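Here are a few friendly notes to read alongside the structure. Please keep it open as you go through the points.

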Amino acid sequence: MAVWKVAPALAAGCTAVLKPSELASVTCLELGDVCKEIGLPSGVLNIVTGLGHEAGAPLSSHPDVDKVAFTGSYATGQKIMVAAAPTVKPVTLELGGKSPIVVFDDVDIDKAVEWTLFGCFWTNGQICSATSRLLIHKNIAKEFIDRMVAWSKNIKVSDPLEEGCRLGPVVSEGQYEKIKKFVANAKSEGATILTGGVRPKHLEKGFFIEPTIITDINTSMEIWREEVFGPVLCVKEFSTEEEAIELANDTHYGLAGAVISGDRERCQRLAEEIDAGCIWVNCSQPCFCQAPWGGNKRSGFGRELGEG
């Protein structure tokens with residue numbers, strides 16, 4: 001993701017300042033070492049680590065910074081727009097998401113279950129495009145949910161360096177506590193936690209949480225409306241294509257979405273009707289550098305990647 005922003009700037013002959021998240025700085029520092037190794041002149045790519053208010057905020061408002069491109073939360077995106085406003089500098093924002101995955105009753109259930117779980121649990125759900133709202137056709141809902149729960153219980157949660165690991169810990173204690181609070185609030189609002197939402201019994205230390213599936217959702221619940229940024233999938237049934245579209249668009253966000261169906265014309269219709277920057281058909285999460293990437297609504301504006 002750092003290279004998405006840095007490479008076009010350098011290719012255009014600009015210098016760049018890269019400010020990574022304080023929780024995930026190591027790979028960006030490694031990128032700096034690689035650039036130094038290949039002979040990129042000093043000062044062309046500058047990597048500044050630190051907390052957002054100490055490092056990110058001054059960069060956003062500095063008069064010598066001509067453009068800001070940011071990936072992160074909606075709340076921080078708001079602050080960046082405010083900081084950039086006095087100098088009227090252009091801003092590209094790729095913010096949060098609460099993306100839908102819509103599964104119809106004409107699918108190969110096992111393949112659809114696999115894509116559904118991958119779309120939400122990949123990188124532990126710590127990805128802004130996670131398809132964390134499953135809309136499942138009522139005709140196959142029970143069988144589909146039963147298979148999802150069974151599959152989820154077999155996902156190996158462990159130290160990421162352990163062979164066969166499929167889910168490691170979440171990024172920080174703060175995020176771990178936030179995810180647990182989302183799950184607890186969902187339960188208190190009347191939702192059902194079918195599986196997960198707790199620390200795995202075999203892991204006493206670390207910020208590990210079992211992949212979580214939540215049903216009995218209504219659209220006013222926090223778990224339906226807010227981005228969790230963790231391995232938490234909420235499930236709601238639908239009966240008609242029109243209802244699926246309405247539920248898919250029932251969000252302030254609009255980064256991504258997915259449609260799983262054997263009917264290509266139906267997939268095309270939903271891809272056009274769902275208000276999101278990227279729609280996957282019969283898959284979830286692949287990223288193609290040839291295609292533009294970015295969101296609508298509160299998921300931000302501007303595009304990265306793409307041939308243009």
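Predicted model: local features only at pLDDT ≥ 70, side-chain atom pairs only at ≥ 80, totals over all residues.

1. Across the interface of domain 1 and domain 2, the rule finds 0 salt bridges. Polar contact is another matter: 6 residue pairs, both partners at pLDDT 80 or more, are found across this interface. On the side of domain 1 that touches domain 2, the residues divide into 3 nonpolar, 1 polar and 3 charged.

2. The contact draws 7 residues from domain 1 and 10 residues from domain 2.

3. How much area is buried between domain 1 and domain 2? The value is about 860 Å², and carbon and sulfur atoms give 59% of that. Please look at Lys-297, Arg-298 and Ser-299 here: together they supply 61% of the area that domain 1 buries against domain 2, more than any other three residues.

4. Thr-195 sits in strand S7, which spans residues 192-195. Is Thr-195 buried or exposed? Its relative accessible area is 9%, under the 20% cut-off, so Thr-195 counts as buried.

5. Which residues does Thr-195 touch, leaving aside those up to four places away in sequence? Val-149, Ser-152 and Lys-153 are among them, and Pro-211, Thr-212 and Ile-213 complete the set.

Key:
Residues numbered from 1 in each chain as written. Heavy atoms only, no water. Contact = heavy atoms within 4.5 Å. Buried area = accessible area lost by both parts, 1.4 Å probe. Salt bridge = Lys/Arg side-chain N within 4 Å of Asp/Glu carboxyl O. Polar contact = N/O pair within 3.5 Å; in protein donor to acceptor, adjacent residues only side chain to side chain. Nonpolar A, V, L, I, M, F, W, Y, C, P; charged D, E, K, R; others polar. Helix = DSSP H or I, 4+ residues; strand = E, 2+ residues; numbered from the N terminus. Buried < 20%, exposed > 50% of the residue type's maximum accessible area, 1.4 Å probe, protein only.
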